[in-house]
Amino acid sequence: MKVMKTNYTPALIFSVLAIIFTSCLPDSLEVKSIESAPAQIVVTSSVLPDTSIAILVTRSIGALEAGSDTDIQTLVKEIAINDANVTITTQGQTYELILMQDGVYQSLGIPIVPGNEYSLEVSCPAYGKVTAKTIVQPRVNFDTVKADVWNNGYNTYLAQVAYSITDPTSENYYMINVQGAARASLIANMVNPDAYTRFFDDKPFNGDNYSEIFRAAPKNYYRGDSIAVSISTLTRDYYDYLKVRVQNRMGLVEVFSEPVTYPTNVNGGRGFFTLHLPDVKVMVL
Amino acid sequence: MAICVLPFIVNAQSVEVKGTISDSNGEYLPLANLMIFPDSTLTSTDLDGKFAVEIKPGLKKIRISYTGYETFTASINVSADTTWKLTITPRIDQLKEVVIQENRYTNADVVQSVRAGTQRLTQKDMFNMPTIMGEADLIKTLHLLPGNVKGLDGSSDVFVRGGAADQNLVLLDGAPIYNTSHLFGFMSVFNPDVVDNVEAINGGFPAEFGGRLSSVLNVNTLSLIPDKTRVSADVGLIASRVKLEQPIVKDKASFWISGRRTYVDKVMGVVGYNIPYYFYDVNGKLIFHPSKSHQIEISHYAGEDVLDHFRDKNGDGDGMLTRYNAGNSTQSLKWVHRTPEGWTNNLYLFKTDYSYRIKNAYEDYAISAFSNIEDYGAKVTLVKDSVWKDAQLTTGLEWTRHTISPNVVNSTGSISEIMSSSASQGQTSHELAAFIQQEWSLTNRMRVNVGLRGSASLVGDKYYMNPEPRLSARYEIKEDQALKFNYSRMAQYIHRVSNAAVSTPADIWYPVTDSIRPQRSHQYSLAWQRFLPRKKVFFSIEGYYKSMEDLIAYEEGTNLLFNTDFASKLIQGEGKAYGAEFLIRKESGKFTGWISYTLSWSLRRFDGLNNGEWFHARYDRRHNGAIVAQHTLGKRFAASMVWEYISGARFTPVIGQYVTMAPNMSGLDLIPIFAKINSVKLTDSHRLDLGIKFFSKPEKKFKWTWSAGIYNIYNRATPVGIVIEADKETGALSYKQPGLFGLLPYISYGCKF
C-alpha cells in the first residue's frame, strides 16, 4: 500500500528562513564606560520682534541625560543657568541683561545698529566665564512677498511663497524661514517639518534684484492658515554653522553617521552668539 | 602533487637534474613536458617517465604539462646535481574532495620567491571553511589571513596594513573591479565556483602592479581546457550556482559559463512575503590555445544588485516606488605568447564599468541618483627568463582611461524644494605607467629584484607623475627558509569617496584633479619565512612600516548622501601604519588550515580634523587573529572550524549635547557633542564557526556534497558602533554596542558530473 507523502518543502524552507532572520541579530554588548563631555556654558541669542535681545544661557549635558523622547521645554528648565551675569558691550557701552525666566536673559535698551560689533560676556559661579563677538549685518527687507496654497494633485498641500529682494552690493548670506504663525507650540528643531528654512548666498546676483518662488515642504498647509515668512542676513560664520546643521539633518543610521564638531563663536563654551534683523511678514493663506 | 628532491654534490658551474614524472598512482608518464626557467630549458620524459637535463645552479621555476593532468608549477632552488621525483595529478582526481590535495599554488613557492607580503588562496581554501549562510566567499577568507583587517562585520571591505578600503587594486582576470560587494556588502562579487587562484599582494609589490597604495588582489578564474563536458551546481539557503565547462576543440579550445542568483525574493514570494531584492552574477570565459606558444583567454563578468519595490497601501495605484540597481561589468582579453627566444609576452585588454541608480517616487515627487565609472585599459608585459645569467627581466606599459560621472541627482515635484537637482562635474582621466624590473642572484644565497615604475595621471590640463621604485631582496638561510626585505613606493590616482565606517554601493570614485593630489606611500617590510616540505607547513613572520601622504578625507559635517558638491569638501592628510604578522599554515594532508595573528597600528592626521592632531584610523584593530582548521574524517566526511578574535574598531560616540534656539525662534535644537574622532575603542570580539561536509562515494560519476554548519555558534555580537538605547521599562538611557550577525545555521547541496 502506498502512503501519500505530504509536501513539507515550503514549510521547511519558510521555517529555516525564519530561524535565519530571527536569529540574525545577537544581543548588544554593554559599554563599560565612556567619559562624558564636561559641562560648559551654552549661549544662543535672538533678536525679538520688539528689537530686544534675548540670550538663552544653559549648560551642556551628558549624552545619556536626554533622548529623543525628552520634553525639551522641561529639559531647558533643568539645565538653565539662572545665576549668570550677562552683559553686552557695544560702542564702548556695557549693558547688563536681566533674567526673565529659565535661562533667558533680555535687555530692551540695546540699540541694534547694522555694522556695529557686539561683545557678549557670560559668567556664573559654577561654570566660569565665556565670551563671544558678532557684527550685526545690514537688514534686507522683502520688496514683495506673497504666499498661497499649492496642491500637487494628490494629498500634498504646501505653502508656495513668491518674494523679491534688492541685494546690497556687499557679500551677503541669507536665511528664509517659513513657519505656521498660529501654532500653539513653536518648540521644534530644524528637522521638524513645522519650520522650513533655506539658506543661500548672493554670489549669483550680487547687488541686483532677486526674486524666486519656492514651496515650503514638506508640511501641509491649508486655506486660512497663518504663516510667518522672514528673511535675514547672516554673518558668514553663522551661515556656515547653519549649513552644517542642515547637511546633517539626514543622518541615516546612528552608528554610520559621521561625527561633527559644530562650529561655535563662544570662547570657552558652546552655542552661537549672533544678532540678525529679520524682516517678518505674517500672512493668511 | 608531491616533489621529492634528493640532492647530490657535484660541481657549481653546471648541475644535472634528473628524475621521473609520475601520476598519483605511481604510474610513470611518458612524453610529459618539463620546462625549467629561467634557463628556458624544455625537455620531455622518455617512455619510462624519466628525464635528465643540465642546467645552471640557482632558483628555478618548473612547469610540467601533460594532457589530462593539472599543469604543475613550482619554484625549486638547485645548488647541486639533483634527482626529482615529480608527481602530478590527473584532472579527474581534483573532483575527489574528501582528500584535500596539495595546492598547485603551494607556499613552497612563496618561500622561494624574492617577495614577501604575498598570500595565495585557492578555491579549496574558500570551500573548506564555514561561512555566513554557507556561501563560500573570497573576501571573508581573506579576512582570516594576516595583514587583512575587516571593517564592519560581514562587509566586503578589506583594510590592508593600515590602509583604507579603497587602496586595494582588485583585478578579476586583469580587469579592475570597483565594487566588490553584493547584498549591500555582505557577500563579494566573486563566484567561488569560477575562482581558480588568488594572489593577495600586501607588500613587496612587483613593478608591474600599481595604482593603489595598500594591496593588489589578483583574482584569476579557471583557465584549463577540460577533456569533457562538466556541470556543477550548488543549492544554498539564499543563493544557487550553476557552472558548465565545455570543450570545443580537444586540447585547443573550450569555454565555461557560470551563474549565481539569490532567490529569497522567489521563496518568500511563494509563502506570501514580498522581499523585492536579489542579485545575480554571470561569469564566462573562452579559452583558446591555438598552439603551444599562444594562449588566448576572453573573460566576461556581469553582476547586479536589484531592489524594486512598489508599496501601495490603499490599493489606489498611488504608492511609493523604490528602485535600486548597482552592478559591475567587465570584459578582458589575455593573450600570452611565448617566443623561441625565451620571451613571454602578455597582452591584456580590458573594459570595466560600475554604476548605480537609485530612484524614489511618491505622488508627484521623484528623486533619482546616478553614478558611473567606466574604464578602458591595456597592459603589455614582456618577460625574459634568462636575459643575463639567471636574471629575469620584466618590462611593460600600462594605460587606463577613466570616464567618471560621479553623482547626478534629479529631483522633481515637491521634494525638489528640499533637495534640488544637481550634478557633479564629470571627469575623464588617463593613467599611464611604464615599468621595468630585473631579478637576479647576487650570490648563491642572495637574490634581489629591483624595479622601477613610472606612473602618471592626466586630467584636463593637469598632470601628475610619480617614480615608484621597488626593491625586494631574499637571503637564503637554509634551503627551506629565507629572510626577505621589501620596499615599495606606490601612487594612487583615483579615490573612493565613502563613509568612514562602511562602504556602500553608492560610494563615488573620483580621480585626482587640480586640487586633489594623488595619494602616495612608502612601505618597508622585513620577513622570515620557512616551509617544511615533508610536513607541508609554512611559517611566516613579517614586520612592516608604511607612511602615507595625501590621504583623502572630507571636511567635518559633510553629508555624502546625494551630495554633488563633495569634491570641494575633500581634504588631504597623512597616515602611518606599522605592525607584525604571523602565520603558520599547513596546506595538505588530512588536517589543513592555519593560525594567523596580526599586531598593528594605523594612524591618521589631517589639518582640518581633530585639531590637526594624530588620531586612530576607524579600523585600527590592535589584535587580529584566526584559527582555521579542516579535517577529513574517513572518505566521506570533512569537518571545519574558524575561530576569530579581533580587537574592537575605533568609534566616535556622542558624549554630550546642548540646546540652542533654532533660527528665528522657530524652536529649540538639541545638538550632539561627539568625542574626539575615533577615540573610543569598541569591545573586542570573537566568533566560532563550525561546518561539516558529507560527500558521495568517490567512485561515483555523479558527485554530490551536503554542507551544513553554524556561523557564530555562541551568538556573540561583533560591535559595529555605539548607540544610545532607552530601557523599555524604566526609559533610562545607556550606551550599547549592537552587532549584525548572530548565530546563523546554514545548509547547502552541491553536485557535479
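**Exercise 1.** Work out what span the 12 residues of α3(A) should have, and check it against the end C-alpha atoms.

*Solution.* Start with the element: α3 covers residues 236-247 of chain A, where helices are DSSP runs of H or I with at least four residues and strands are runs of E with at least two, numbered from the N terminus. Next, the rule: the expected span is 1.5 Å times one less than the number of residues. For α3(A) this gives 16 Å, and the end C-alpha atoms are 16 Å apart, so the two agree.

A word on the model: it is predicted, so local features need pLDDT of at least 70 and side-chain atom pairs 80 or more, while totals for chains, interfaces and linings use all residues. Residues are numbered from 1 along each chain as written, with chains lettered from A and ligands numbered from 1 in written order.

**Exercise 2.** Find the buried residues of α3(A) and say where they pack.

*Solution.* Buried means 20 or more other C-beta atoms within 10 Å of the residue's own, C-beta atoms being placed from the backbone. That picks out Y238(A), Y239(A), Y241(A), L242(A) and R245(A).

**Exercise 3.** Give the strand order of the open sheet and name its edges.

*Solution.* The order is β14-β13-β16-β19 (chain A), with antiparallel pairing; pairing needs at least two DSSP bridges. The edges, each pairing on one side only, are β14 (195-201) and β19 (279-284) of chain A.

Methods: Two residues are in contact if their C-beta atoms, placed from the backbone, lie within 7 Å. Axes are lines fitted to C-alpha atoms, for helices over the stretch in contact, and angles run from 0 to 180 degrees between N-to-C directions. A residue is buried if 20 or more other C-beta atoms lie within 10 Å of its own, exposed if 12 or fewer, and partly exposed in between; C-beta atoms are placed from the backbone.
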